[in-house]
Amino acid sequence: MSKAEQFRTLHRGRAPGDPLVLPGPWDAAAARVLAEAGFPALATPSAGVAASLGYADGATPADEMFAAVARIARAVDVPVSADVEGGYGLAPEELVERLLEAGAVGCNLEDSDGGVLKDAHAHAEFLAGVRRAAADRLFVNARIDVFVHGDGDPERAIERAALYRAAGADCVYPILAPAELVPLLRSGIEGPLNLLARLDGDGPSPAALGELGATRVTFGPGLQRRTAAALREIAAGLLP
């Protein structure tokens, strides 16, 4: 079984309360720690990778992002999915080629640009192009930014999810969806559902998100930011 098939299988038959938990490594060292901890797959966070490379979120050049993903994928034996933001303006065929060259088995693609939601139908066409180019070699997670850059209307999120799933997305990700809306989203969205878990205690745990309907749980840059906070605390204790 290829790593892509292995990754896709991990999303199937998840019991309530047992979502696929995908922590986000920002470099090879973090990836090895997480893989050695026993996680069956990993999902890179674009903001965490950006911070590790000295860039603001959303400002990482495409070449540096793909190089970082390649280093992470080479460092571990488990499948790695890559957050490649909005696709860096690449045509679907080139985007898929670069992801596969980097060793990724999946990708996260946003439906906003510069803080503005993209036209949902145009974005669905882009996702369909990615699916055609990738076939089954990549697991496509379509991020829905209605709760970040839109009006927060769950029905709009459900509509976008339907378009993206019809276009071939394997999973949809309504990032920052309020917990109280998750049951409504789950009832209106077919197929795997990715939800964001926070590490500051402000929100449901991964298991609780699974009970609400999450197929998989990711953390965005949460692990990288928590690690940076721990390092700041250690550094402060080293000063005379």
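What is the volume of the second largest pocket?

1. This is a predicted model, in which local features need pLDDT of at least 70 and side-chain atom pairs count only at pLDDT 80 or more, while totals for chains, interfaces and linings use all residues. Residues are numbered from 1 along each chain as its sequence is written, and side-chain values use heavy atoms, with hydrogens and water left out.

2. The second largest pocket has a volume of about 240 Å³, and of the 14 residues that line this pocket, the closest to its centre are L176, A177, A179, L196 and R198. A pocket here is an open set of points on a 1 Å grid over the protein atoms alone, where a 1.4 Å probe fits and protein lies on both sides within 12 Å along at least five of seven lines; lining residues have an atom within 4 Å of a point. A volume is the space filled by probe spheres set on the points, which are joined across faces, edges and corners.

3. The lining of the second largest pocket divides into 11 nonpolar, one polar and two charged residues, where Ala, Val, Leu, Ile, Met, Phe, Trp, Tyr, Cys and Pro count as nonpolar, Asp, Glu, Lys and Arg as charged, and the others, Gly among them, as polar.

4. For the largest pocket, the space comes to about 970 Å³, and A47, D57, R143, I175 and P221 are the closest to its centre among the 45 residues that line it. By class, its lining has 16 nonpolar, 18 polar and 11 charged residues. Strand β3 (residues 80-83) gives the most to this lining, with three residues; strands (E, at least two residues) and helices (H or I, at least four) are DSSP runs, numbered from the N terminus.

5. In the contact (heavy atoms within 4.5 Å) between two helices, A28, A31 and R32 in α2 meet R71, I72 and A75 in α4. These residues comprise four nonpolar, no polar and two charged.
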